[in-house]
Every structure is written in C-alpha cells, then in structure tokens.
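Work through the following exercises with the sequence and the model side by side. Each task is followed by a solution in steps.

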Amino acid sequence: MKKDINIATDFCKAPAGRYRKNGDYTGEVFREDVLVPALLNDEYSEVCINLDGLDGVGSSFWDEVFGEMLRNHQVSYDILRKKMQLVCSDDVYLVPTIESIIKDAIRG
C-alpha cells in the first residue's frame, strides 16, 4: 500500500524551524509525528512526499527532517531508499537539495 503525504495540505503550507519547542510546524514535529511513523509502518510499501505548494521553507527545516532522521538512526538509509519518493513540480532545486542533505547525513 502507498502512503501519500502532501506537506502543504496534510501538515502546513509554511513549516519552519528545527525544534518542537519552536512551534507546531517544525522539522522535528514533521519528522517524529508524520514521516518516521509512515516510513516504519510495514503497511506502507511506499511513502510519497509531495513538496508542492509550500511557501519558502528554509534549509534548517529540511535538515531537521531528513538529516536528523538518518543521523539519529530513526530510519535506515535502506528503508529510506526503498520506500521514500519525493515529488515536486514547483521547485526544480528542492528535491536535489533534500537529496544532498541525505547524502551529507549518510557520510556523517
């Protein structure tokens, strides 16, 4: 079964910040409450994250979501590679930016 997550409609159109203490729509909140549970759920063979419709999300949000997920060993790179798909037609640079964050986290 496939799990679709549209950040703009399912979470927040303008998420910002790293830590939960900084607000309700931060990278830590999205990672811990939405993304990691979906990736670790055996019910889902694929988790498709739609990045369209977002308003100027900063790199600290993305690093907290994807970099910390790997650095903290919440999800293995193998699971991420097998299950996660990033979709974005709004910004041609966003998916490569996130992929770069993931590569940096793997390298340590």
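**Exercise 1.** Is Asp-63 buried or exposed, and what is its relative accessible area?

Solution. The model is predicted: local features need pLDDT of at least 70, side-chain atom pairs count only at pLDDT 80 or more, and totals for chains, interfaces and linings use all residues. Residues are numbered from 1 along each chain as its sequence is written, and side-chain values use heavy atoms, with hydrogens and water left out.

Step 1. Set the classes: buried is under 20% relative accessible area, exposed is over 50%, and partly exposed is in between, with a 1.4 Å probe and protein chains only.
Step 2. Asp-63 has a relative accessible area of 17% and is therefore buried.
Step 3. Helices (H or I, at least four residues) and strands (E, at least two) are DSSP runs, numbered from the N terminus.
Step 4. List its contacts (heavy atoms within 4.5 Å). With neighbours within four places in sequence set aside, Asp-63 touches Arg-18, Glu-68, Arg-71 and Ile-101.

**Exercise 2.** Find the residues of the largest nonpolar core that touch the most other members, and the elements that supply the core.

Solution. Step 1. A nonpolar core is a set of buried Ala, Val, Leu, Ile, Met, Phe, Trp, Tyr and Cys residues joined through side-chain atoms within 4.5 Å.
Step 1. The largest such core has 33 residues, and Leu-35, Ile-49, Leu-51, Trp-62 and Phe-66 touch the most other members.
Step 2. Two or more residues come from each of α1 (7-11), α2 (27-40), β2 (46-50), α3 (59-71), β3 (84-87) and α5 (94-107).
Step 3. Take Phe-66 as an example: beyond its neighbours within four places in sequence, Phe-66 is in contact with Leu-35, Ile-49, Met-84, Leu-86, Ile-98, Ile-101 and Ile-102.

**Exercise 3.** Check the length of α5 and determine how its buried residues are arranged around the axis.

Solution. Step 1. The expected span of a helix is 1.5 Å times one less than its number of residues. For the 14 residues of α5 this gives 20 Å, and the end C-alpha atoms are 20 Å apart, which agrees.
Step 1. Leu-94, Val-95, Ile-98, Ile-101, Ile-102 and Ala-105 are the buried residues of α5.
Step 2. Seen down the axis, the buried residues of α5 fall within an arc of 120°, so they line one face of the helix. The arc is that of the directions from the helix axis to the C-beta atoms.
Step 3. An α-helix has 3.6 residues a turn, so residues three or four places apart point the same way.
Step 4. The buried residues of α5 pack against α3, α4 (77-83) and β3.
Step 5. One of these residues is Val-95, at 17% relative accessibility. Apart from neighbours within four places in sequence, Val-95 is in contact with Leu-51, Leu-86 and Cys-88. Val-95 and Leu-51 are 44 residues apart in sequence and 8.5 Å apart in space, C-alpha to C-alpha.

**Exercise 4.** Which side chains of β3 point to which face, and how does β3 run relative to β2?

Step 1. Strands pair if DSSP finds at least two bridges between them; β2 and β3 have four and run parallel. Val-87 in β3 is the bridge partner of Asn-50.

**Exercise 5.** Classify the aromatic pair of Phe-11 and Tyr-25, and then that of Phe-30 and Phe-61.

Solution. Step 1. Rings of Phe, Tyr and Trp (its six-membered ring) pair if their centres lie within 6.5 Å; planes under 30 degrees apart count as stacked, over 60 as edge-to-face and the rest as tilted. The count comes to five aromatic pairs.
Step 1. Phe-11 and Tyr-25 are 5.4 Å centre to centre with 80° between the planes, an edge-to-face pair.
Step 2. Phe-11 lies in helix α1 and Tyr-25 in the loop between α1 and α2, so the pair ties together parts that are 14 residues apart in sequence.
Step 3. The ring centres of Phe-30 and Phe-61 are 6.2 Å apart and their planes are at 40°, so this pair is tilted. Phe-30 in helix α2 and Phe-61 in helix α3 are 31 residues apart, and both are buried.
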